[in-house]
Amino acid sequence: MGPTRRDVLAMGLATCGWAAAGGTAASAQPAHRPVPFGGAVYLPDLEADPRLGDAIVAHCQAVTPVNELKWISTRPAPDLFDFAASDKIADFARTNALAMHGHTLVWYAELPEWVTRLTSAADAERALTEHIVTTMQRYGDVARSWDVVNEPIPDAARRPTDRRDSHWRALLGDDHIAQAFRIAHDVDPDALLVINEYDVEFATGYFPAKRQAFAHLIRELVDKGVPVHAVGLQGHLRGGVPIAKDELAQFVADMRELGLKIMVTELDVIDRDLPGPADVRDAIIAAQVEDFLGAITASGPLHSITTWGLSDTYTWIRWAYGRSDGLGNRPLPLDENFQRKPMFDVIDRFRSIV
Ligand code: G3I
């Protein structure tokens, strides 16, 4: 008998920080390719629709909780942790021998009020440290990779040294980013620690300056010996906005030069402004994903790729970027009936590049 799903998972994912979780392997076998594939999931959707869990088990080797590991969900009070929702996703992962990608330990957004009322550096450092330690220790068996810091660069970055304002930055300064990675590494020296950003993929507007500031921050961290292991390119692609293929390829090559792995962490395509007909729109979306993944893999393989949902039935884009023609959005690899779309074939092709 060949290697079991668990064997393959343990082998394939252990190297990428997505070590196989415990628990019984699911019956379905995802189409194995060298580059692991993950799907983000929101607990109410997972609990409401068995098709979603089935699709994750059929296609994925990892899950990312969309909201359940954010401070607003796990931290109702200064002395309280509420892991009820995140435990359910972690248990789903364990049961199905999936890894869980921890999203996210430090972010400017979705902070409970008690955090935004902190006034001293000492209180902020204590809260941040306790959060990272407690959260990572709880899920260390199933979460082998973490978005330690999410979206540190402001949208309207002008200078390479620009950093996004946050309550953490206000109280702890820019060094809170390095601090967070050091704490995370102390908790779990084997975890893959990721710095995660969006809107660094495009050629026009403010995107080049944001990409430059992101690269500057990462280089600064690596030069200081901060334990950053991977760059997370969220990949919320703006349909119709050209991918900066050469510039993105150079950015990724520079990051690889620093010894960093490249993860696509939240791929979907915002198709609000794309043509209506499904076949036309799906082809444009697949072509843009091709440009995006082609630029990233010009210098080497993807480390992992995660889409921000699996089926068009469950996507944030529906309420954040709904279409004026009333047609459903089509941002993800599976349509609203969980059928594959051309985007999935593109993803699978790049998952096979090693
Ligand atoms: O579940 C409640 C519901 O009970 C309530 O009626 C409703 C109206 O207030 O809110 C619902 O919660 C919302 C949740 O999404 C589920 O839809 C929150 O208000 C809303 O803030 C939350 O938005 C999430 C957003 O991050 C902010 O946390 C989106 O689902 C999620 O897709 C989005 O994901 C982010 C990544 O974390 C970081 N990268 C960008 C990405 C897209 O914005």
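**View A. The shell of residues around the ligand.** In this predicted model, the shell around the ligand is made up of six nonpolar, five polar and four charged residues. Here Ala, Val, Leu, Ile, Met, Phe, Trp, Tyr, Cys and Pro are counted as nonpolar, Asp, Glu, Lys and Arg as charged, and the others, Gly among them, as polar. Of the 15 residues around the ligand, those that come nearest are Tyr42, Lys70, His103, Glu110 and Glu266 (near: a heavy atom within 4 Å).

View B. Look for pairs of N or O atoms within 3.5 Å. Tyr42 places a polar side-chain atom 2.5 Å from an oxygen atom of the ligand. On its own the ligand has 780 Å² of accessible area, and the protein covers 54% of that (Shrake-Rupley method, 1.4 Å probe).

**View C. Aromatic rings around Phe83.** Rings of Phe, Tyr and Trp (its six-membered ring) pair when their centres lie within 6.5 Å; planes under 30 degrees apart are stacked, over 60 edge-to-face, and the rest tilted. That rule gives ten aromatic pairs. One of them, Phe81 with Phe83, is stacked, at 5.4 Å centre to centre and 25° between the planes. Phe83 also pairs edge-to-face with Tyr139, at 5.7 Å and 90°.

**Notes.** Residues are numbered from 1 along each chain as its sequence is written. Local features need pLDDT of at least 70, side-chain atom pairs count only at pLDDT 80 or more, totals for chains, interfaces and linings use all residues, and side-chain values use heavy atoms, without hydrogens and water.

Methods
A polar contact is a pair of N or O atoms within 3.5 Å; within protein, one must be able to donate a hydrogen and the other to accept it, and residues adjacent in sequence count only if both atoms are side-chain atoms.
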